[in-house]
Each structure stands twice: as C-alpha cells, then as structure tokens.
Amino acid sequence: MPTLTKLYSMKEAALHNTPEDCWVVVDGKIYDVTKYLEDHPGGADVLLEATGKDATEEFDDAGHSNSAKELMQDYFIGELDPTTEIPEMEVFRKEQDTGFASKLMDGVVRYWTIPAAAVGISVVAAILYARRK
C-alpha cells in the first residue's frame with residue numbers, strides 16, 4: 001500500500017536555504033539536511049549551494065555510494081509537487097481587436113509593399129496627367 005508524502009513546490013523548498021534550515025531536492029524528493037550539514041563529507045557549503053534548485057545532476061556527478069543514498073532516507077520529508085512547474089518563459093499577448101479597421105491596419109503594416117505600390121502608381125498617374133495639360 002502506498003504511503004502518502006507531503007508535496008512541496010520548488011519555490012517553497014528554495015526558501016529553506018540557510019545553515020539553520022536547509023532543504024535539498026534530488027530526484028524529485030525533498031530532504032531536510034539541516035542536521036547533516038556538519039557531518040557532510042564535502043562540507044556544509046556544498047549542500048547550501050544545492051538549495052533552491054533541483055540538485056539531482058550535482059548529486060549524481062559527485063558519485064555518492066549506496067550507503068550515502070540509504071542515509072538520505074533519514075532526512076526525507078516529502079516530494080516535489082509535479083503540478084507546480086516553474087515556467088521558463090511566459091508569453092503575453094495584447095488582446096486582439098477583431099474590428100475591420102484594426103485588421104486592415106495590421107495588414108497594411110505587415111504588407112507595406114501593396115500600399116507603397118498604390119502610392120507610386122498614383123504619383124506616376126498624377127505626373128502624366130499634369131503633362132497632358
């Protein structure tokens with residue numbers, strides 16, 4: 001039977017980034033390593049640098065032993081909430097007016113060669129008309 005674990009957002013986990021309150025995220029799991037800071041073989045700074053982001057890559061690159069991975073379970077407090085993703089970029093668009101005039105102006109701006117050609121033909125026609133008189 002599955003056990004229920006508390007879900008935390010990455011934003012919430014990132015708030016715990018001091019020597020008095022330090023959480024790290026590895027493989028979607030959150031660990032409160034505050035009491036382990038002084039015992040960590042790499043030093044407290046390594047763990048403090050891992051707060052506020054997903055430290056899975058750094059953890060794997062360090063080549064931790066199986067006993068280190070088992071020790072982590074003592075500090076497990078919850079999991080990263082998969083529904084609260086931090087967007088990399090948000091795109092905002094102004095509301096589009098569906099009126100004819102705005103559509104016409106968008107077309108003119110986008111396809112400026114048509115109005116420019118119309119003006120050019122009009123100027124040539126005016127010059128030719130003026131010469132006839």
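1. In the pairing of S2 with S3, Thr18 has Asp21 of S3 as its bridge partner, and the two strands run antiparallel over 2 bridges, where strands are taken to pair if DSSP finds at least two bridges between them. Strands here are DSSP runs of E of at least two residues, and helices are runs of H or I of at least four residues, both numbered from the N terminus.

2. The model is a predicted one, in which local features need pLDDT of at least 70 and side-chain atom pairs count only at pLDDT 80 or more, while totals for chains, interfaces and linings use all residues. Residues are numbered from 1 along each chain as its sequence is written, and side-chain values use heavy atoms, with hydrogens and water left out.

3. His16 lies in the loop between helix H1 (10-14) and strand S2 (17-18). His16 counts as buried because its relative accessibility is 17%, the cut-offs being under 20% relative accessible area for buried, over 50% for exposed and partly exposed in between, with a 1.4 Å probe and protein chains only. The side chains of His16 and Asp21 are joined by a polar contact of 2.4 Å; a polar contact is a pair of N or O atoms within 3.5 Å, of which, within protein, one must be able to donate a hydrogen and the other to accept it, and residues adjacent in sequence count only if both atoms are side-chain atoms. When residues up to four places away in sequence are not counted, His16 touches Asp21, Cys22, Trp23 and Thr51, contact meaning heavy atoms within 4.5 Å.

4. Most residues other than glycine have a negative phi. Asp27 is exposed, because its relative accessible area is 53%.

5. The sheet as a whole is open and contains 5 strands in the order S1-S5-S4-S3-S2, with mixed pairing. Strand S1 (7-8) and S2 stand at the edges, each with a single partner strand, so one side of each has no neighbour in the sheet.

6. Of the 6 residues of S3, 5 are buried. The largest nonpolar core has 13 residues, of which Tyr31 and Val33 touch the most other members, and S3 gives the most to this core, with 3 residues. Apart from this core lies another, of 6 residues, including Tyr8, Met10, Ala13 and Val25. A nonpolar core is a set of buried Ala, Val, Leu, Ile, Met, Phe, Trp, Tyr and Cys residues joined through side-chain atoms within 4.5 Å. Leaving aside neighbours within four places in sequence, the contacts of Tyr31 include Cys22, Trp23, Val24, Val26, Met72 and Phe76.
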